[in-house]
Amino acid sequence: MSLNPQQRQAVEHVDSPLLVLAGAGSGKTSVITQKIAHLIQRCDIPPAKIAAITFTNKAAREMRERAHKLLRGGDVEGLTVCTFHALGLKFLQIEHEAANLRRGFTVFDADDAGNLIKELLPKGAKSDHINAVRGLVSRAKNEALSFEQAANLAKSPREREAADVYGQYQKRLAAFNAVDFDDLIRLPVQLLGENEELRARWQQKLSYLLVDEYQDTNAAQYSLLKLLAGSRGAFTCVGDDDQSIYAWRGADPENIDRLGKDFPNLRVVKLEQNYRCARRILRAANTLIANNPHTHVKTLWSQHDEGDPIRVFECSDSEHEATRVASEISFLAQKHKTPWSEFAVLFRGNHQSRELEKALQLQRIPYHLSGGTAFLERAEVKDVLAWLRLIANPDDDAAFLRAVAAPKREIGGTTLARLGEMANKLQLSLLRAAQRIDVLNQLPSRSSAAVDAFVNLVAALRKASTTMTPGDLCRKLAEDSGLLAALRAECRDEASFQRRRENIDELAQWFDAAGKGGPGELIAQLTLLTNADRDSAGNAVRLMTLHASKGLEFSYVFIVGVEDGLLPHESSIDEGRLDEERRLMYVGITRAKRLLHLSYARHAKRFGEHIKVTRSRFIDELPAAELHVVGRDAEQDAVRHKEHAAAAIDNIKALLGL
DNA sequence: GGTGAGCTTCTTTAC
DNA sequence: GAAGCTCACC
């Protein structure tokens with residue numbers, strides 16, 4: 001692993017803050033991992049005092065693996081490689097007292113948070129409205145504003161309303177002994193900002209910080225970086241303004257320029273040699289991104305071959321498109337003897353994966369859907385998690401409400417409303433209120449017996465939790481709560497019951513593997529994970545969103561749904577945010593090492609209706625000379641592919657002896 | 001208090 | 001065209 005002069009500079013410069021402007025495929029992960037090695041081996045910094053921050057868990061895992069490979073053995077003991085959010089969580093778990101949190105506090109996921117906001121708004125509020133408020137609250141938090149500050153800064157009635165909701169929302173979170181994702185950054189920033197002793201201690205704890213995907217930091221994350229780094233400025237930020245694709249969640253690429261102002265001794269290194277893409281792919285990417293305004297001009301170049309032209313598939317509809325992509329993958333994999341894992345299919349929205357999965361299954365191509373939170377969103381997994389949350393944190397009302405109905409135990413809306421009222425009056429959480437005899441006595445005898453039975457069950461499990469591992473607790477609770485029995489009754493056939501049982505078991509296994517920590521700590525970590533991070537993908541075609549693909553590379557990349565309305569997305573067109581959509585396309589294109597496929601459908605089904613579709617304006621922005629458009633005769637091709645698919649079904653039937 | 005028929009809304013993107 | 005929600009009925 002040899003470094004070019006710029007990369008070497010980036011690795012060896014440690015005397016002052018460093019910003020690395022790293023183009024796509026310019027080897028920035030190598031730079032970061034090599035720099036970790038350099039800091040440990042040459043600068044004698046203990047690994048436990050180094051933190052490398054990434055944006056996705058997937059990226060964190062990959063970097064950790066590469067660092068381990070590079071350093072071998074115990075040299076990496078204690079090294080922190082995680083996301084900003086995971087770092088914030090770790091901080092809060094250690095400093096929970098300063099944050100006014102009790103041990104085992106809950107991290108609300110986006111769903112929990114959304115439900116809570118919905119509750120705080122007048123009943124029957126439109127979902128637009130709810131989302132708008134939720135967005136505004138989140139934005140205020142991403143700017144590390146307290147609700148008082150947000151109220152002072154509010155300009156419109158809507159912002160004032162949101163600030164007001166923000167205040168109530170925080171009160172509820174505090175009552176639940178819970179935080180949300182945004183708090184994982186905001187609270188550490190607040191605490192470090194106002195508590196000098198704490199700040200000094202953490203600055204002492206961490207001697208060097210490395211931040212990947214720096215262009216995606218928001219105001220709160222930037223503050224966190226500054227607070228942790230302190231005046232020493234012992235950090236390296238690596239980023240690429242052309243790959244900034246998270247403005248919608250508060251990322252501010254201006255943070256790149258801010259760095260130079262806040263740290264006048266900042267050193268800047270540019271990495272412009274691309275080691276990934278064939279030249280034609282790189283030319284296409286450069287041409288596309290040239291349509292965006294730039295403050296930092298980079299010119300990416302590559303020593304690779306020209307490569308094949310970029311192929312553009314015109315399809316009749318998304319089913320046709322999926323079938324065609326699957327066929328092409330099958331064909332290329334055989335022709336070039338390439339493992340499946342060198343293929344990726346990228347799309348704009350998660351819902352687009354369905355059709356692709358169907359087509360891949362039909363052609364018996366192994367695939368792995370990454371990103372998304374499908375696993376954690378399964379009903380049975382959420383149920384078990386709700387129980388665990390409630391056991392770890394008796395004030396978690398959201399968990400109470402889910403657990404109490406999983407399975408059904410004769411406690412319905414009326415009883416819960418009554419219980420909620422009394423809990424409110426007594427300023428207690430639902431579970432604590434339900435534990436009181438005076439409260440139970442106010443309920444009809446049948447209901448109070450049911451509630452009492454539930455409370456006792458939780459107490460028994462809670463007691464059990466002190467002597468068993470979280471994994472075993474998981475299994476015990478699924479049994480004792482009656483969840484498994486209800487699941488068995490609910491499922492029509494044995495196979496689907498087994499599948500769902502396995503999901504619960506997988507959760508238990510995750511806890512077994514996660515090792516140390518009480519259930520509360522572990523659930524909090526789990527909440528931050530997405531599907532991609534749970535299991536190794538093995539030799540399978542990767543299916544993921546364009547956002548999730550950032551930082552990865554594949555020999556063969558297919559981008560599907562390259563249509564106006566999808567990519568660029570409708571709402572981005574409406575709000576005039578085309579630049580970010582273009583960067584998203586740029587990210588997708590630059591994932592490809594050898595061959596890039598773009599495809600679009602001419603007809604689509606939207607909300608059940610058929611509509612006509614125009615191909616993406618971004619395709620027209622690509623240099624025509626690098627493109628090879630295939631399948632203009634889409635209708636005829638669709639028929640061919642349907643026949644192909646039918647034949648595939650026959651094959652499977654034959655194999656199964658049907 | 002639980003259940004199913006019929007209604008609406010929904011599609012960005014992620015920690 | 002699915003998932004979630006409301007409301008009437010058991």
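Predicted model: local features only at pLDDT ≥ 70, side-chain atom pairs only at ≥ 80, totals over all residues.

Biologist: Why is cysteine 474 called buried?

Modeller: Buried means under 20% relative accessible area. Cysteine 474 has 0% relative accessibility, so the word applies.

Biologist: Which other residues of helix α23 are buried?

Modeller: Helix α23 covers residues 470-480, and its buried residues include Pro470, Gly471, Leu473, Leu477 and Ala478.

Biologist: What makes you say that they line one face of the helix?

Modeller: Looking down the axis of α23, the buried residues fall within an arc of 160 degrees, so they line one face.

Biologist: And what covers the buried residues of α23?

Modeller: Among the covering elements are α17 (379-392), α22 (445-465), α24 (483-490), α25 (494-514) and α26 (519-528). After α23 comes glycine 482, with a positive phi near 90 degrees.

Biologist: Now the strands. What is the order in the sheet of seven strands?

Modeller: The order is β13-β14-β12-β15-β16-β11-β19; the sheet is open and its pairing is parallel.

Biologist: Why are β13 and β19 said to stand at the edges?

Modeller: Each of them, β13 (367-369) and β19 (627-630), has a single partner strand, so one side of each is left without a neighbour in the sheet. On average, neighbouring strands here are turned by 20 degrees against each other, direction ignored.

Biologist: What makes β15 and β16 a pair?

Modeller: Two strands pair if there are at least two bridges between them. Strand β15 (residues 554-559) and strand β16 (residues 592-601) have five bridges, in the parallel sense. Isoleucine 559, for one, stands opposite leucine 598 in β16.

Biologist: Which helix lies across β11 and β16?

Modeller: That is α13 (residues 279-289), which runs at about 55 degrees to β16. Helix α14 (residues 318-336) also packs on the sheet, and its direction makes about 160 degrees with that of β16. The strands touched by α14 include β12 (343-347) and β14 (541-545).

Biologist: How do you know that both faces of β7 are covered?

Modeller: Phe235, Cys237 and Gly239 on one side are buried, and so are Thr236 and Val238 on the other.

Biologist: Which strands pair with β7?

Modeller: Strand β1 (residues 18-22) pairs with β7 in the parallel sense over four bridges, and valine 20 has valine 238 as its bridge partner. Three bridges join β6 to β7, also in parallel, with leucine 209 opposite phenylalanine 235.

Biologist: Let us turn to charges. Why is the contact between lysine 298 and aspartate 241 called a salt bridge?

Modeller: The cut-off between a side-chain nitrogen and a carboxyl oxygen is 4 Å. For lysine 298 and aspartate 241 the closest N and O atoms are 3.6 Å apart, and the pair qualifies.

Biologist: What makes this pair a tie between separate parts of the chain?

Modeller: Lysine 298 lies in the loop between α13 and β10 (301-302), and aspartate 241 in the loop between β7 and α12 (255-262), so the pair ties together parts that are 57 residues apart in sequence. Lysine 298 is at 15% relative accessibility, so it counts as buried, and aspartate 241 at 11% counts as buried too.

Biologist: How far apart in sequence are arginine 280 and glutamate 626?

Modeller: Arginine 280 is in helix α13 and glutamate 626 in the loop between α31 (617-621) and β19, so the parts tied together are 346 residues apart. Their closest N and O atoms are 3.0 Å apart, which is a salt bridge.

Biologist: Which residues are linked with Lys550 in a network of salt bridges?

Modeller: Lys28, Asp212, Glu213 and Asp216 are linked with Lys550. Across the whole structure the search finds 45 salt bridges.

Technical notes. Residues numbered from 1 in each chain as written. Chains lettered and ligands numbered in written order. Heavy atoms only, no water. Buried < 20%, exposed > 50% of the residue type's maximum accessible area, 1.4 Å probe, protein only. Helix = DSSP H or I, 4+ residues; strand = E, 2+ residues; numbered from the N terminus. Arc of directions from axis to C-beta. Contact = heavy atoms within 4.5 Å. Axes fitted to C-alpha atoms, helices over the stretch in contact; angles between N-to-C directions.
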